[in-house]
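Please read it with the model open.

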Amino acid sequence: MGIAQALGEDTPFTTIAGSEIFSLEMSKTEALTQAFRRSIGVRILEETEIIEGEVVEIQVDEPTAGGEKTGRLTLCTTEMETVYDLGAKMIEALQKEKVSAGDVITIDKASGKISKLGRSITRSRDYDAMGPQTRFVQCPEGELQKRKEVVHTVSLHEIDVINSRQQGFLALFAGDTGEIKAEVREQIDMKVAEWREEGKATIVPGVLFIDEVHMLDIECFSWLNRALESDLAPVLIIATNRGFAKIRGTDYKSPHGIPIDLLDRLMIISTTPYSESEIQRILEIRCEEEDVEMTKDALDLLTKIGTETSLRYAIQMITVASLCCIKRKGTEVNIEDIKRVYSLFVDVKRSTQFLMEYQRDFMFNSLANDGNEDEEDMELDDEDEDDEDDEDD
């Protein structure tokens, strides 16, 4: 989330989990291709003709029997003034935007869309009081009709969907995009390349974040290796919490469960545990977010627990400790609340220790079975050695 906000709205940011690739109703490579193309933006520059000016007067003629509304709109700039004839649709659009004399508006000639920019500064003294939402702008200069450059940012995947489905743009809202043919993507890539040469479009490389990347198999890793060589590849960020692990789909082990040739292409970022002061600050922010009042002693104890166990466990304790405080009708979470929650809910270390002590009391226990198998193997080895000694005798 922090990376996405830092990049801004126009930079595509896509996040997926490695396990999602296998749960979608499409091939693994198609799911990765769509994720890649969602992470590549195309900024399309388009020129459109608009009419921009200050409204001098709006006249609406009463319709005759069975006729439509007609009217006239007078617009002006600092240099000229023009009267435009209005039809029923334009009159309705003006009324919808609540346009009145003194407003500065723009009209898109192609679509007929009306946008109100604000109220002219020359009309600022028309009323004694104005609402806080009222915005004053200068009266436009020059010609009424102007050419304006409009920028649209879409992803390559959105262009793929629009051009591969009969319902066009509406297919984006359906959600089920299905598999897209390679021929469609090739044509789109060629068209985008033409727009880039003509200066009509620019490519905005985004970010693709893949969490739990160790869940991908060797086929996905091979596809990523090839895709990263493309000119249109986004910035790829992958995350994993594995050490040495098997590469899924093979019998080979590798650091983080990722093939060595892909690791070679990556800049590996190492992480360090939080310090005690950082854990305390995180817990303070979490308490503020959850509207939990906590005493200094209780926060110190919770920080110590977070240091010795895990930060996640300490964060989860905040809500439960708050409930304990509410039950005793207190206003602040104190040490006793933290101690009670700590005694009721165990962390991973204490749970593991409990299982190790009482493993034989459980119905199913793989550790005990492994121990029995090891003992049986040792007994068999001893028997084999005895048999060999007898044969020697």
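1. Basis of the note. This is a predicted model, in which local features need pLDDT of at least 70 and side-chain atom pairs count only at pLDDT 80 or more, while totals for chains, interfaces and linings use all residues. Residues are numbered from 1 along each chain as its sequence is written, and side-chain values use heavy atoms, with hydrogens and water left out.

2. Overall make-up. The protein chain has 14 helices and 13 strands. Of the 393 residues in the protein chain, 32% are buried. Buried stands for under 20% relative accessible area, exposed for over 50%, and partly exposed for what lies in between, with a 1.4 Å probe and protein chains only. Taking contacts in the protein chain with a separation of 6 or more, 60% are between residues 24 or more positions apart; a contact here means heavy atoms within 4.5 Å.

3. Burial of helix α2. How many of the 11 residues of α2 are buried? Eight are, so the helix is largely enclosed by the rest of the structure. The buried residues of α2 are E30, A31, L32, T33, Q34, A35, F36 and R37.

4. Helix α2 against α6. The axes of α2 (residues 28–38) and α6 (residues 182–198) come within 13 Å and cross at roughly 20 degrees. Such axes are lines fitted to C-alpha atoms, for helices over the stretch in contact, and the angles run from 0 to 180 degrees between N-to-C directions. That angle makes α2 roughly parallel to α6. Angles under 35 degrees count as roughly parallel, over 145 as roughly antiparallel, 65 to 115 as roughly perpendicular and the rest as oblique. The crossing of α2 and α6 is left-handed. The term left-handed applies if the near helix is turned anticlockwise from the far one by less than a right angle, and right-handed if clockwise. On the α2 side, E30, T33, Q34 and R37 take part, and they meet R185, I188 and D189 in α6. By class, the contact of α2 with α6 has one nonpolar, two polar and four charged residues. Ala, Val, Leu, Ile, Met, Phe, Trp, Tyr, Cys and Pro count as nonpolar, Asp, Glu, Lys and Arg as charged, and the others, Gly among them, as polar.

5. Helix α2 against α7. Helix α7 (residues 218–227) packs on α2 at an angle of about 35 degrees, with the axes 10 Å apart. The crossing of α2 and α7 is right-handed. K28, T29, L32, T33 and F36 in α2 meet E219, C220, W223, L224 and A227 in α7. Six nonpolar, two polar and two charged residues make up the contact of α2 with α7.

6. Helix α9 against α11. For α9 (residues 276–289) and α11, the axes come within 10 Å and cross at roughly 30 degrees. The two helices are therefore roughly parallel to each other, and their crossing is right-handed. From α9, I279, I282, L283, R286 and C287 meet L311, A314, I315 and I318 in α11. The contact of α9 with α11 holds eight nonpolar residues, no polar ones and one charged.

7. Strand β8. S155 is found in β8 (residues 145–155) and counts as buried because its relative accessibility is 9%. Not counting residues up to four places away in sequence, S155 touches R37, R38, I40 and G41. H152 is also found in strand β8, and at 36% relative accessibility H152 counts as partly exposed. Leaving aside neighbours within four places in sequence, H152 is in contact with V42, R43, I44 and E46. The C-alpha atoms of H152 and E46 are separated by 7.9 Å, with the two residues 106 apart along the chain.

8. Positive phi values. Phi of E212 is near 55 degrees, a positive value in a residue other than glycine. E212 is in the loop between β10 (207–211) and α7, and counts as partly exposed at 34% relative accessibility. K329, also not glycine, has a positive phi near 65 degrees. K329 lies in the loop between α11 (311–327) and α12 (335–344), and counts as exposed at 79% relative accessibility.

9. Cysteines. A disulfide is taken as a pair of cysteine sulfur atoms within 2.5 Å, and by this rule the count is zero. C139 is in no disulfide, and the nearest cysteine sulfur, that of C76, is 4.7 Å away. C139 counts as buried at 17% relative accessibility, and C287 counts as buried at 6%.

Technical notes:
Helices (H or I, at least four residues) and strands (E, at least two) are DSSP runs, numbered from the N terminus.
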